[in-house]
Amino acid sequence: MADKPSSAEAATRPSANSDDASAFTPERFEKELQHLAEKAKSNTFSNRLLEQSGLYARILVLLSFLGIYSHVSQLNLSPVYGSIPASIWHSKLLMGGCFLGWAGNMFLRDFLPVPSAKALPIVAVCIPGVQHFLGTRSQFLGPQWGPVVTEALTLLPLSVLTAASVADCWEEVRLSKLPKFVADSGPGIGSWALLKYSEDKFGSLLPLIIGRFMFFTRLGFEMLLGFGYMAFSPSKYLVYTAFPFLHTFLLNTHVQSPAATRTLMSNLMTDGWLFIERRESVTGYISVVQSVQQGFRVMRCDHSLLGGEWINHRGGPVSEPIYGVFAMLEAVRLVGAVSAVADKDAKALVIGLGVGTTPSALVAHGINTTVVEYDPVVYEFAAKYFDLKENNPPVLQDAVGYTAELAKIAPATYDYIVHDVFTGGAEPVELFTLEFFQGLHTLLAPEGTVAINYAGDLNLPAPKIIYRTIKQVFPTCRIFREMPPDVESIKTKDMDFTNMVIFCRKSPTAALTFRPPTVEDCLQSAARQEFLILSHEVPEGDMLDEGADIMRSNETDKVAKWHVQSAMGHWGLMRTSIPAFIWERW
């Protein structure tokens, strides 16, 4: 039996089936050996570690960018639709986009004319323009479909491309030494966890930096992310980002630059509105606008009004409010007591400032008044553009923590407590819990009175839960609504959205009665002459359904689950109070 040829001889021997015998020459074999040697030399541990670290870094950056953009996307919808409508479908669209990109990354490679990572900057830079265009159609789209359509054309494609790019990176990561279950499911679970972590972390950091610079705003963050995507995936395709960037910088009035603000002022003035100032802060987008023709000025927070006054009626002891409910709150002074406290000796605590209508009136009566307001920009604008009167420095803190600490050191201090914290179609639930009302009970003087402003749909269970919670702490209460029920709205829309004030006392035996308002009580104000006479009382039996529960601090979902319906009704009311283009142009 012939000897078996050596490997070198076999490698150099021409194949019988080869059409080109010269393809296996010794020179060619030597070059291939050199190439294999160089490849083996470069495949060191340090090079492999560097390569794998680069892949992990790309995954981290991509998911972090998407997590931040996810949060910013909702911020940009809030001034047009409100924070609650903007959140209804947000998580579902984000999750759906990530699933489609993760599962379909192979398909996208064949379908897209450019790689997913190269397409990301183009999509990111186009998002502000799409949001701007669709925002002007919000009256047609409505609060239910507007956020869905907007994020389906912006956040959804961004999440699809991000997930596809991340999946491409994971395919190059070496996971062969891991158990099969971990290697199969770990990348997906880990990527989603990292995405949600970056989104939540940015949300917790945002209150510390929002509004400090032009780029630390909603549009500013989107522009920074656009630059980040471009730096992360440079390519010749970035030429397609030129026009969207120019549109954002030159035509998008949501950008809080001096040029964009001047353009916005000019546009609104042509429609009879004076744009005064805007700022982004911890509670949302804050701005002050004034109707030139009708002569009133308002402060907005996202898609809600914090209050307003009639500019043409200035000159009296206090301003004239545009909403009667703020004058109703002042009736806290009119509650009868066995030992009446003179105004000069009384103390009041007001939780929630708005434009300062109620605290200004209490100060005008000579009452020692302290205001607790969480948002410093709200206080700044109230002092700067509204007729705010003060006799104590404001407390710019979270009311929950502040009142809890104050109750420990200053019980039975206040003769009057005004609770006025509603905004955006949903009550801040932590300020309507049993524990919070117990803190107010501790702070209230024995014969004191608390007035609680509540706005919501009385056809929903939430107001009844809150009223029953209040009754657990304050046994004697009466309820008055700002306007009588709208029978047509109740019949056709099954909605009874209203502002109401709940007056309560500590004593379970003393009746809660009101003395008639005097000329001095009205402070030369027509609104107070009308609304200090509390006319539309709500029978307590209507608010004490047997099935209603109370809300503790760890049970806020009992009320929060009804926020969507309430916010939808509130959105429609805001569009009847102020024209749609004011909300859309923000």
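Which residues of helix 13 are buried? Let me take that in a moment. First, the ground rules. This is a predicted model: local features need pLDDT of at least 70, side-chain atom pairs count only at pLDDT 80 or more, and totals for chains, interfaces and linings use all residues. Residues are numbered from 1 along each chain as its sequence is written, and side-chain values use heavy atoms, with hydrogens and water left out.

Now helix 13. Helices here are DSSP runs (H or I, at least four residues), numbered from the N terminus. Helix 13 covers residues 258–270.

The buried residues are Ala260, Thr261, Leu264 and Leu268. Buried means under 20% relative accessible area; exposed means over 50% (1.4 Å probe, protein chains only). Strand 1 (273–281) and helix 25 (580–585) are among the elements covering them. Strands are DSSP runs of E, at least two residues. The face turned away from the buried side carries exposed Pro258, Arg262 and Thr270. After the helix comes Gly272, with a positive phi near 85°.

Next, a helix pair. Helix 8 (residues 138–152) packs on helix 24 (residues 563–577) at about 160°, axes 10 Å apart. That makes the two roughly antiparallel, a term for angles over 145 degrees. Who meets whom? On helix 8, Ser138, Gln139, Gly142, Pro143 and Gln144. On helix 24, Met568, Trp571 and Arg575. Contact means heavy atoms within 4.5 Å.

Terms used:
Expected span 1.5 Å × (residues − 1). Axes fitted to C-alpha atoms, helices over the stretch in contact; angles between N-to-C directions. Parallel < 35°, antiparallel > 145°, perpendicular 65-115°, else oblique.
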